[in-house]
Amino acid sequence: MAQTTVKFRHSLIKYLALIISFMVICQLPLALLPEDRFVLADRMDSNLETEADRLAKLSNELHKLSLASPIVAVYFQPRGSNLLQPLLEINPDEPHIPASLAKIMTLYTAKHFIDSQKLDINSSYEIKAADLAGLAENNVAVCGFQVGERLSLYDLLAGCLVASGGDAVNALISSLGLKQAEFIAQMNELSEVAGWDLQFSDPIGLNYPGQSVTARGMALLLSSCLADPVLRDVLHLKYYSIDSGERQIDLRHTIYLYAETIGIDCDLIQGGKTGWVGTGGYNLISFQDTVEGQLIIVNMGAEGAGMHLVDHLDIITTATHYLDLINAQGRDIAAIEAMVQAIRNPASDRDGKTQPSSEEDEAEQAGEAEQTDNVGQADSTEYEAGQYSSRSSDSAETRATERSSETRIENSQTKENSQTSAEQKLPRLNSMEFVEEEDSLLGIAIFIGLAAIVLILLSIIFIRQKRRS
């Protein structure tokens, strides 16, 4: 009996030594992995755990900004979610003149009709004289289309967004076989069904009675547009080139016109739509793709040409300290922040040189814009008195097409580069989030497997020894 016990102990020690050796060998591959892989995983896991905290800190910082717009709404939409989380809201439900922000609803309504009727987005339409009627007389921004030119439905969508073209809007509605009144009815019906609290009386955004929107409603509208692959593609456009068969039409986003007016780099703004009409001030709606989701920014009623851009850049640069913005990667954020502050505080520049006061500077910029861009001035009391102007909602943008020829950039290359860049970054960054989770699952699986092996070997040893005894 004593000899059997000794043999059992020796066998147990031998098998335990084998099991320990096996466990050490199994752990070697994990030990050989780069250390920074685990550091990166820990960092990403920490970021995921504290996303709510980072958004709360961002919201707190946004509330400290001194913005020029009386109406502001900033929302974060997590990836894969339909919910918008408010980060900053200043009078988000106050009715306001949309100006050319109405074209966002025009795009949404047109795409909804195209889908419902199963129309081909690449089908062509021939520009008619009726599509151009009255635009020049009312100083409406145009793409510069000519009678007889053939353009695709996608071209018309791009023309509405990029150059804010009234001719593109009229042609788009005609290409769908609808009258303007029918199209406006559909705009309001879609808004009512969605509960966006948006009222439209003109698809171009002219200042007609009954036209009003809210910042919250516009943010919800933009979120729905970004959920559509075609509209999302259009909203990313900064430049667009159209081959009408006889000539090339180069369009450049109206945002660059305002950026040049105040001398600021606006490339950090990923995509969106500008709008202006007389007493309504300057409007801008934009978005930013982030690794975590997307940021939606709306401001309306900013005083001073270009100040709506400054507000957006102030918000975006602040967000870069808390969110991983795709469009901010590789950019000198500190330089943009300095540019924004220099415009907000023009009393003295970096060298200490005295600058004109804000009122003088604004007047000078307004004068330059009028001389350069043939801006039609609207009576500042028209809207308040209930008298509405028939001028263009974006008359400050009427020569965006002429300016675009100075910096021709092929849209196909710009769009391809933008999409390629985003596609290269997103999958890699998203995969980081799951590194820690995969390692944890691997460790658990190894532990369970080893435990099972130990139990099996101990059972075998016990059975064999029992038989011998």
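Ile 444 is partly exposed, with a relative accessible area of 48%; a residue counts as buried under 20%, exposed over 50% and partly exposed in between (1.4 Å probe, protein chains only). The model is predicted, so local features need a pLDDT of at least 70, side-chain atom pairs count only at pLDDT 80 or more, and totals for chains, interfaces and linings use all residues. Residues are numbered from 1 along each chain as its sequence is written, and side-chain values use heavy atoms, with hydrogens and water left out.

Ile 444 belongs to helix α17 (residues 435-468); helices (H or I, at least four residues) and strands (E, at least two) are DSSP runs, numbered from the N terminus. Together with Phe 447 and Ile 448, Ile 444 forms a nonpolar surface patch with about 350 Å² of accessible area. Such a patch joins nonpolar side chains (Val, Leu, Ile, Met, Phe, Trp, Tyr) within 5 Å, from residues with over 30% relative accessible area and no salt bridge; areas come from the Shrake-Rupley method with a 1.4 Å probe.

Helix α6 (residues 153-162) is largely enclosed by the rest of the structure, because ten of its ten residues are buried. After α6 comes Ser 164, with a positive phi near 55 degrees. The largest nonpolar core has 66 residues, of which Phe 145, Met 218, Leu 221 and Val 298 touch the most other members. A core is a set of buried Ala, Val, Leu, Ile, Met, Phe, Trp, Tyr and Cys residues joined through side-chain atoms within 4.5 Å. A second, separate core of 40 residues includes Leu 62 and Tyr 258.

Charged side chains also pair up. The structure holds twelve salt bridges, each a side-chain nitrogen of Lys or Arg within 4 Å of a carboxyl oxygen of Asp or Glu. One of them joins Arg 216 and Glu 89 (2.9 Å, N to O). Arg 216 lies in helix α9 (residues 215-226) and Glu 89 in strand β2 (residues 85-90), so this pair ties together parts 127 residues apart in sequence. By comparison, Asp 115 and Lys 111, which also form a salt bridge, both lie in helix α4 (residues 102-116), four residues apart, about one turn of the helix. Asp 115 is partly exposed at 39% relative accessibility, whereas Lys 111 is buried at 8%.

The average pLDDT is 77, and 68% of the residues score at least 70; pLDDT is the predictor's confidence in each residue, from 0 to 100. Over residues 33-49 the pLDDT is below 50.

Definitions and conventions
Patches are made of residues with over 30% relative accessible area and no salt bridge: like charges are joined within 9 Å, nonpolar side chains (Val, Leu, Ile, Met, Phe, Trp, Tyr) within 5 Å. Contact means heavy atoms within 4.5 Å.
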